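Please take a look at the sequence and the model below before reading on. The paragraphs after it walk through parts of the fold one step at a time.

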Amino acid sequence: MLGLDHWQETAYVTLLESPALGLDELVSRSGVEHDVLKGALTRLEVRGLISRLSGRPARWTALPPEHAIEVLLLARERDIRRVRALTQWLTEKHRKGRIRQDAAALIEVITGPEAVALCGQQLFNSAEREVRGIDAPPYAQAKDGSLVNSSANVATRGVRSRFIYGQGNLTLPGMVGRIERDLAHGEQVRVLPFTPMKIILSDDQAGLIPLVATPQVLDSCILVRPSALLDALSALFETLWRQAQQYVTGGLTADADGTLTEDERRILSLLAVGLSDEAIARQLGIGLRTVQRRVQALLVRLGAASRFQAGVLAAGRGWWQPSV
């Protein structure tokens, strides 16, 4: 973790356990060869982790780690800042080079299920600020059988994730559970009655769309690099995002008359995005009659004569408070 090689680490730990040692003593205690150890001590001294004492024969001592390592960390932070500055410079050179290249090089056809899955995963992994997408089947599948997924890859890196789902997607087996897991990772989800196409956008650097509008198998895609086409895909996403309804689970709260149970919370979320009782039953793994009874109980509890009125009354009571 400190960037030391094996010989430096061995010498440093040996000195930590002793007040001061000469070269021969260090060779005896560490088991490191004389010439190798001498070089390791020189590098440790340059890094500020040890100090050579005055007098003959030469002896070395470890400096207090809490101070020495702090100096080392500051040096590494300076290196990181330099690397980031270099990355920005290289990125700008790369961007300008892409602008000058032939139009044909701005798009690339990716063929084969494994290649499509790898490309999609690379888009998630390379994103620095935000991943956006329109989720629709079929789904890319990696060689090991795992589905390409956004939240699992961006949650730990502070990358924003926004996805739009078509209402029909929510009826697919296990989809609601997957969305709830993604929401728990910080992904923002909205729902439209219909989504026109499948899209993945990584920052403003790349986009991935199916080669055909409604593929039965996702075995060919188009990778779009910075261009007017990528700008159009980004504008399409943002337009649909503004039109879509937010999918909310954690935004549901209790009113003064009681509390929402976990099942009521999930049912109300799915009702709000337009799912039928049958689709809700399949997603929650409960019987249709059970869903119908619970929906009717929510209507009675709200004093509503219809689902639409129930939505209005639920919002009025503060049960439904999605952010704008």
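This is a predicted model: local features need pLDDT of at least 70, side-chain atom pairs count only at pLDDT 80 or more; totals for chains, interfaces and linings use all residues.

Residues are numbered from 1 along each chain as its sequence is written, and side-chain values use heavy atoms, with hydrogens and water left out.

We begin with the helices; helices (H or I, at least four residues) and strands (E, at least two) are DSSP runs, numbered from the N terminus. Helix H1 (residues 6-16) and helix H2 (residues 23-30) have axes that come within 10 Å and cross at roughly 105°, which makes H1 roughly perpendicular to H2. Axes here are lines fitted to C-alpha atoms, for helices over the stretch in contact, with angles running from 0 to 180 degrees between N-to-C directions; angles under 35 degrees count as roughly parallel, over 145 as roughly antiparallel, 65 to 115 as roughly perpendicular and the rest as oblique. On the H1 side, Thr 10, Ala 11, Thr 14 and Leu 15 meet Leu 26, Arg 29 and Ser 30 in H2, where contact means heavy atoms within 4.5 Å.

The axes of H1 and H3 come within 9 Å and cross at roughly 75°, so H1 is roughly perpendicular to H3 as well. The residues of this contact include Trp 7 and Tyr 12 of H1 and Leu 37 and Leu 44 of H3.

S1 and strand S3 (residues 59-62) are joined over 2 bridges, and Leu 21 stands opposite Trp 60 in S3.

Two backbone details remain. Most residues other than glycine have a negative phi, and most peptide bonds are trans. In the loop between S2 and S3 lies Pro 57, and the peptide bond from Arg 56 to Pro 57 is cis, with omega near -10°. Asp 203 has a positive phi, near 50°, and is placed in the loop between strand S8 (199-202) and strand S9 (206-210). Asp 203 is buried, with a relative accessible area of 10%; buried means under 20%, exposed over 50% and partly exposed in between, with a 1.4 Å probe and protein chains only.

Terms used
Two strands pair if DSSP finds at least two bridges between them.
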